[in-house]
Amino acid sequence: MKQITQGNEVFKLELPTPFPVGDVNVYVIKGDCLTLVDAGPKTEEAWLAFQHQLKEIGYTPQDIEQIVVTHHHPDHVGMLDHFSDEVSVIGHPFNTPWLKQDEQFIVEFAAFFEKLFIEFGVDKKFLPYINQLKNTLDFSCKRNLKSFIREGEEINGLAGWSILETPGHAQSHIALYEECTGILIGGDLLLKHISPNPLLEPSMTKDICERPKPQLQLNQSISRLLDLPISLVYPGHGENIDEVHKLIVYRLKKQSERAQLVRSFLVEKPLTVFQVCQALFPTIYHKQLMLTISETVGQLDYLLEMEQIKVDTSLKTHRFIANEC
Ligand SMILES: [Zn+2]
């Protein structure tokens with residue numbers, strides 16, 4: 001826990017999670033009202049750590065007046081269940097079905113992946129992996145958003161902070177930017193030690209059937225930060241980031257190098273998504289299928305966008321082919 005920034009007072013709290021990513025950072029902003037940005041996972045350990053660190057800065061959970069969520073993942077929203085209904089929960093509208101754990105939505109989510117697994121050529125024995133999602137929801141909340149925020153908007157009680165929509169890691173992802181200090185509370189948009197996964201999700205807009213392309217979205221979301229004079233990013237995990245633009249350029253370069261590795265597989269022979277995934281992650285694909293498949297699709301979406309590969313969709317299972325240089 002550290003006190004940081006000059007504009008509004010911001011405090012960083014580090015809470016344990018049961019996930020491989022390790023601790024999650026949540027932020028308390030003392031502006032016109034006391035705002036919490038993100039809430040940790042729904043575990044006893046996180047709740048105790050939260051209360052303890054909050055006490056060190058002179059507050060109790062009852063003092064929190066509103067909570068802004070950067071995105072819907074359980075390590076960022078689970079603890080919402082510990083707060084009374086009087087505390088406003090604010091976020092992008094796409095958080096709604098996740099935060100409520102809408103049953104129909106979860107069924108549709110599983111169906112979305114079942115269909116994709118056929119298209120990707122994933123072996124049927126991996127179908128049960130889709131249900132792993134339900135295990136992670138045990139650490140999430142059942143909560144409604146009180147109000148929605150979108151690109152460019154400000155939040156009552158948080159003067160000077162504006163919202164950037166930053167999809168890619170999650171369709172619901174936003175970041176908070178304080179123009180006068182150049183500080184960005186970035187959620188999982190940019191992390192110092194790892195590159196956030198571009199996670200596959202169905203389209204959240206009913207009239208758009210095509211799935212989002214999370215790697216392209218993530219690239220766009222971090223690239224737009226290059227136009228802002230950001231002094232510091234307070235991330236959802238790990239250390240603060242000061243050389244922000246340098247890290248963004250590095251991340252974009254690494255991603256394009258990984259895409260070229262994928263292309264080199266396709267120069268050898270046409271492959272399905274699953275075959276590329278196995279080649280790219282030979283030792284972990286079967287342990288972390290949903291993550292590695294998302295990452296693989298990200299690289300393929302990128303190469304398609306760059307017109308460096310093409311896809312044969314004549315069969316149910318699609319095959320990717322390298323274009324001539
Ligand atoms: Zn996270």
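In which loop is Asp38 found? In this predicted model, Asp38 is placed in the loop between strand E4 (34-37) and H1. Its phi is positive, at about 70°, although Asp38 is not a glycine. Most residues other than glycine have a negative phi. With a relative accessibility of 2%, Asp38 counts as buried. A positive phi also occurs at Glu307, a residue other than glycine, where the value is near 55°. Glu307 belongs to the loop between H9 and strand E12 (309-312). Its relative accessibility is 63%, and Glu307 therefore counts as exposed, the cut-off being over 50%.

The zinc ion has four donor atoms. They are contributed by Asp75 (OD), His76 (NE2), Asp188 (OD) and His237 (NE2), at 2.0 to 2.6 Å. Along the chain, the donors of the zinc ion follow the spacing D-H-x111-D-x48-H. Asp75 lies in helix H2 (residues 74-77), whereas Asp188 lies in the loop between strand E10 (183-187) and H6; the pair therefore ties together parts that are 113 residues apart in sequence. Both Asp75 and Asp188 are buried. The angles subtended by the four donor atoms around the zinc ion run from 85 to 163°, and the arrangement is therefore irregular. For a tetrahedral assignment, all angles would have to lie between 85 and 135 degrees. The ideal angle at a metal with four tetrahedral donors is 109.5 degrees.

Helix H9 (residues 289-305) packs against helix H7 (residues 244-268) at an angle of about 85°, and the two axes are 9 Å apart. H7 and H9 are therefore roughly perpendicular to each other. On the H7 side, the contact is made by Gln255, Ser256, Arg258, Ala259, Gln260, Val262, Arg263 and Leu266. On the H9 side, Glu295, Gln299, Leu300, Tyr302 and Leu303 take part. By class, the contact of H7 with H9 comprises six nonpolar, four polar and three charged residues.

A further contact of H9 is with helix H8 (residues 273-280), at an angle of about 105° and with the axes 9 Å apart. H8 and H9 are thus roughly perpendicular to each other. Val273, Phe274, Val276, Cys277 and Leu280 of H8 meet Leu289, Thr292, Ile293, Thr296, Val297 and Leu300 of H9. The residues of this contact of H8 with H9 divide into nine nonpolar and two polar, with no charged residue.

Pro214, Gln215, Leu216 and Asn219 of H6 form the contact with Glu295, Gly298, Gln299, Asp301, Tyr302 and Glu305 of H9. Three nonpolar, four polar and three charged residues make up the contact of H6 with H9. Of the 10 residues of H6, eight are buried, so H6 is largely enclosed by the rest of the structure. The buried residues are Pro214, Gln215, Leu216, Gln217, Leu218, Asn219, Ser221 and Ile222. The elements covering these buried residues of H6 include H7 and H9.

Gln62 lies in the loop between helix H1 (44-56) and strand E5 (66-68). With a relative accessible area of 68%, Gln62 is exposed. Gln62 and Phe83 are 21 residues apart in sequence, and their C-alpha atoms are 7.9 Å apart in space. Lys100 belongs to helix H3 (residues 96-100) and, at 36% relative accessibility, counts as partly exposed. Apart from its neighbours within four places in sequence, Lys100 is in contact with Lys142, Arg143 and Asn144. The C-alpha atoms of Lys100 and Tyr234 are separated by 27 Å, and these residues are 134 residues apart along the chain.

Definitions and conventions: Residues numbered from 1 in each chain as written. Predicted model: local features only at pLDDT ≥ 70, side-chain atom pairs only at ≥ 80, totals over all residues. Heavy atoms only, no water. Axes fitted to C-alpha atoms, helices over the stretch in contact; angles between N-to-C directions. Helix = DSSP H or I, 4+ residues; strand = E, 2+ residues; numbered from the N terminus. Parallel < 35°, antiparallel > 145°, perpendicular 65-115°, else oblique. Contact = heavy atoms within 4.5 Å. Nonpolar A, V, L, I, M, F, W, Y, C, P; charged D, E, K, R; others polar. Donors = N, O, S within 2.8 Å, 3.2 Å for Na, K, Ca; no water. Tetrahedral: all angles 85-135°; square planar, octahedral: opposite > 155°, others 65-115°. Buried < 20%, exposed > 50% of the residue type's maximum accessible area, 1.4 Å probe, protein only.
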